[in-house]
Amino acid sequence: MTEAVAFLRSRGLEPAAMTNTWRLDDNFAHEYKVRSEFIARFGFAILTSETIDALRPYNPLVEVGCGSGYWAHELRTHGLDVVATDPGTGRYSGVPKGWKAWTEIERLTAVEAVRRYPDRTLLVVWPDYGVEWAAEALASYAGRFVLYVGEGAGGATADDRFHELLEQHFEEHLVVPLPVFDGLHDRLMVWRRLGEA
C-alpha cells in the first residue's frame, strides 16, 4: 500500500470508490477538505500499488517537474530506479514553512533532465496547467515511451502544445485508471513513439 492510499483511508476515504463522478452528498465537503490536505502533502494524483506495477516495465525512469518528489520516493521504495528532477522554481522553491522534500531531487529543468538522462523513460506527473515546460521536455525527449499522469487535451494539466506533440509523435499504448477526487479526470497514460514495435 502506498502512503497516499494509507493517508486517504486514515481520513475515511476508500480510493477504490473514488471515481470521476460528482457526488453532491454529505461526504462531498469532507472529501474536499481531505483533498486540500492531500494535495499539500502528496500532490494532485493518487498513487496506488497498481499504478506502480503498471510503471515497472518502463524502468528506469526520469521524472521531470517532480515537485516535492513524492512519486519518485514511493517508486524507489517499491524497487524502481527513478531520477527525480525539478528546477525548484515553482511552489516547491525555497523552504516553505513545514515543507520538506520526500526524496533527493536534482535541480534541473525538464529539458536539462531529458538530455542528461536520455536512456531513461520519461515520467511526467500532473504538469502545471498552461505552462511550456512539459512540452519543451517532450520536444527534447528521444525515448520510446512517455508515462504521463494527468488529464487529456483541454484538461487541467500541461498545455495544448504538449498534447499536440503527444498526438503527433506517439500513440496511446495503455491507460491505467487512478482514484480521483470529485471533478478530476486524471489517469496514467503510456504513450509509445510512432513506428516503434
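**Exercise 1.** Which residues of helix α7 (residues 160–169) are buried, and where do they lie around the helix axis?

*Solution.* The model is predicted; local features need pLDDT of at least 70, side-chain atom pairs count only at pLDDT 80 or more, and totals for chains, interfaces and linings use all residues. Residues are numbered from 1 along each chain as its sequence is written, and side-chain values use heavy atoms, with hydrogens and water left out.

Step 1. Helices are DSSP runs of H or I with at least four residues, strands are runs of E with at least two, and both are numbered from the N terminus. Buried means under 20% relative accessible area, exposed over 50%, partly exposed in between (1.4 Å probe, protein chains only). In α7, F162, H163, L165 and L166 are buried.

Step 2. Viewed down the α7 axis, these residues fall within an arc of 160° (taken from the directions from the axis to the C-beta atoms), so they line one face of the helix.

Step 3. The face turned away from the buried side carries exposed D160 and E167.

**Exercise 2.** What covers the buried residues of α7?

*Solution.* With contact meaning heavy atoms within 4.5 Å, the cover includes α6 (133–140), β4 (145–150), β5 (170–177) and β6 (187–193).

**Exercise 3.** In what order do the six strands of the open sheet stand, and which are at the edges?

*Solution.* Step 1. Two strands pair if DSSP finds at least two bridges between them. The order is β2-β1-β3-β4-β6-β5, with mixed pairing.

Step 2. β2 (82–84) and β5 each have a single partner strand, so one side of each lacks a neighbour in the sheet.

Step 3. β3 (residues 121–125) pairs with β4 in the parallel sense over four bridges; V124 has Y148 of β4 as its bridge partner.
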